[in-house]
Amino acid sequence: MRKRSSFVLAAFLLLLSMGCNKPASTDWSGVPTSSKGKKPKIVYVTNGVDPFWNVAAAGTRAAAKEFDADCEVLMPTKGIVDQQRLVETALVRGVDGIAISPIDAKNQVDLINHAAKQARVVTHDSDAPDSERLCFIGMDNYNAGREAGKLVKEALPEGGKIMIFVGRLEQLNAQQRRQGVIDEVMDRPVQSLNSIKYDLAGNEIKGAKYTIISTRTDNFDYARAKANAQDAMTAYPDLGCMVGLFAYNIPECLEAVKEAKKTGKIKLVSFDENEATLQGLIDGHVYGTVSQQPYYYGYHSVRILAALIRGETAALPPNKFLEVPIKIVKKGNVEAFWTELKKLRQS
């Protein structure tokens, strides 16, 4: 009896261990479903540190509360290497979802695909369409660039010389915005988002009325951004317009223009809703800005990820693209826009 009891016990323990070691089942995305039923753990990864992302962070907080999720906002301070470290650390911690704004879409496909094997992954602000991300949340950056180009033509109706400023051109959103500006001021046909042909950044682009001298990058160095504007004014005394593709570009350009006593002489067209830009609109020193409404980048990223983690596949937007509408902000509507923005930031 003792031998038989020992045999039965051993067999029971073997079966139990086999059950414990059974791989977790997976859902349609190929990610283990063992996290279902728990409060989703999400990280929202930006492409740098900027007040722009504070607005998006407010959106993540509102969505985390509404959809019962935990969300941490991570802002890399040292570029692509730091962003990769943040993603890898999050995976080690066992997060369920990652929303990332890729710094370099082409060279981060492997990172995103690696993350997508362990968690639900979406992109926001800037896309990586060749990766296995589940969807992209943001604006149509090419069309937004064309809207900025329309502001340039309004501000400089007789034509003139234009300089474009941006943090880095490795980001797909920067490339698309820049090309949208160029195509609009050169009166070119609208290009398809999936097959855009890009003008080289170092080349002068000359049209019938407008000349785009070049595109200056600063790699998120604010001092360099201001120096780029100063250098442009020195090299081209007849410069007519500065276009900033990232949130901080025009605030730095504005400081340089003020110091050179050229406010009003050089037109400024911006992206985003930096407070210095909004004040510049009120003061009449900035002509207009294209707002991405980043609050909704954060909100929808958390909303969609929380749903997908819970197995709610209907949360995926059509064509894997949730377009957040842009807002054109000029002197006439800036105060109402700023009032609403302050409310969103406090949410």
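Helix 2 passes helix 10 in a right-handed crossing, a crossing being right-handed if the near helix is turned clockwise from the far one by less than a right angle, and left-handed if anticlockwise. The axes of helix 2 (residues 51-66) and helix 10 (residues 294-309) approach to within 6 Å and cross at roughly 35°. Axes are lines fitted to C-alpha atoms, for helices over the stretch in contact, with angles between N-to-C directions running from 0 to 180 degrees. On the side of helix 2, the contact (heavy atoms within 4.5 Å) is made by Phe52, Val55, Ala56, Ala58, Gly59, Thr60, Ala62, Ala63, Ala64 and Glu66. Helix 10 contributes Pro294, Tyr295, Tyr297, Gly298, Tyr299, Val302 and Arg303. By class, the residues of this contact comprise twelve nonpolar, three polar and two charged, where Ala, Val, Leu, Ile, Met, Phe, Trp, Tyr, Cys and Pro count as nonpolar, Asp, Glu, Lys and Arg as charged, and the others, Gly among them, as polar.

The model is predicted: local features need pLDDT of at least 70 and side-chain atom pairs count only at pLDDT 80 or more, whereas totals for chains, interfaces and linings use all residues. Residues are numbered from 1 along each chain as its sequence is written, and side-chain values use heavy atoms, with hydrogens and water left out.

The secondary structure of the chain amounts to eleven helices and 13 strands; helices (H or I, at least four residues) and strands (E, at least two) are DSSP runs numbered from the N terminus. Of the 347 residues, 53% count as buried, buried meaning under 20% relative accessible area, exposed over 50%, and partly exposed in between (1.4 Å probe, protein chains only). Among contacts between residues at least 6 apart in sequence, 71% join residues at least 24 apart.

An open sheet of six strands has the order 2-1-3-4-5-12 with parallel pairing, two strands being paired if DSSP finds at least two bridges between them. Strand 2 (70-74) and strand 12 (321-323) are the edge strands, each pairing on one side only. From one strand to the next, the twist averages 20°. Within this sheet, strand 3 (residues 97-100) and strand 4 (residues 120-124) pair in the parallel sense over four bridges, and alanine 99 has valine 122 as its bridge partner in strand 4. Helix 10 lies across strand 1 (41-45), strand 2, strand 3, strand 4, strand 5 (136-138) and strand 12, and runs at about 150° to strand 1.

Isoleucine 80 is located in helix 3 (residues 79-93). Its relative accessibility of 30% classes isoleucine 80 as partly exposed. Apart from neighbours within four places in sequence, isoleucine 80 is in contact with Ile103, Asp104 and Gln108. The C-alpha atoms of isoleucine 80 and glycine 48, 32 residues apart along the chain, are separated by 9.1 Å.

Seven strands form another open sheet, in the order 7-8-6-9-10-11-13 and with mixed pairing. Strand 7 (205-206) and strand 13 (327-330) stand at the edges with a single partner strand each, so one side of each is left without a neighbour in the sheet. Strand 11 (residues 288-291) is joined to strand 13 by four bridges in an antiparallel arrangement, in which threonine 289 stands opposite valine 329. Strand 10 and strand 11 run parallel and are joined by three bridges, with valine 269 opposite glycine 288. Helix 5 (residues 141-155) lies across strand 6 (160-166), strand 8 (210-217), strand 9 (239-244), strand 10 (267-271), strand 11 and strand 13, at about 165° to strand 10.

In a regular strand the side chains alternate between the two faces of the sheet. Glycine 288 has a relative accessible area of 0%. Not counting residues up to four places away in sequence, glycine 288 touches Leu151, Leu268, Val269, Ser270, Leu281, Val329 and Lys330. Glycine 288 and alanine 148 are 140 residues apart in sequence and 8.1 Å apart in space, C-alpha to C-alpha.

In helix 9 (residues 275-283), the buried residues are Thr277, Leu278, Gly280 and Leu281. These residues cover an arc of only 155° around the axis, which puts them on the same side of helix 9; the arc is that of the directions from the helix axis to the C-beta atoms. They pack against helix 8 (249-259), strand 10, strand 11, strand 13 and helix 11 (334-345).
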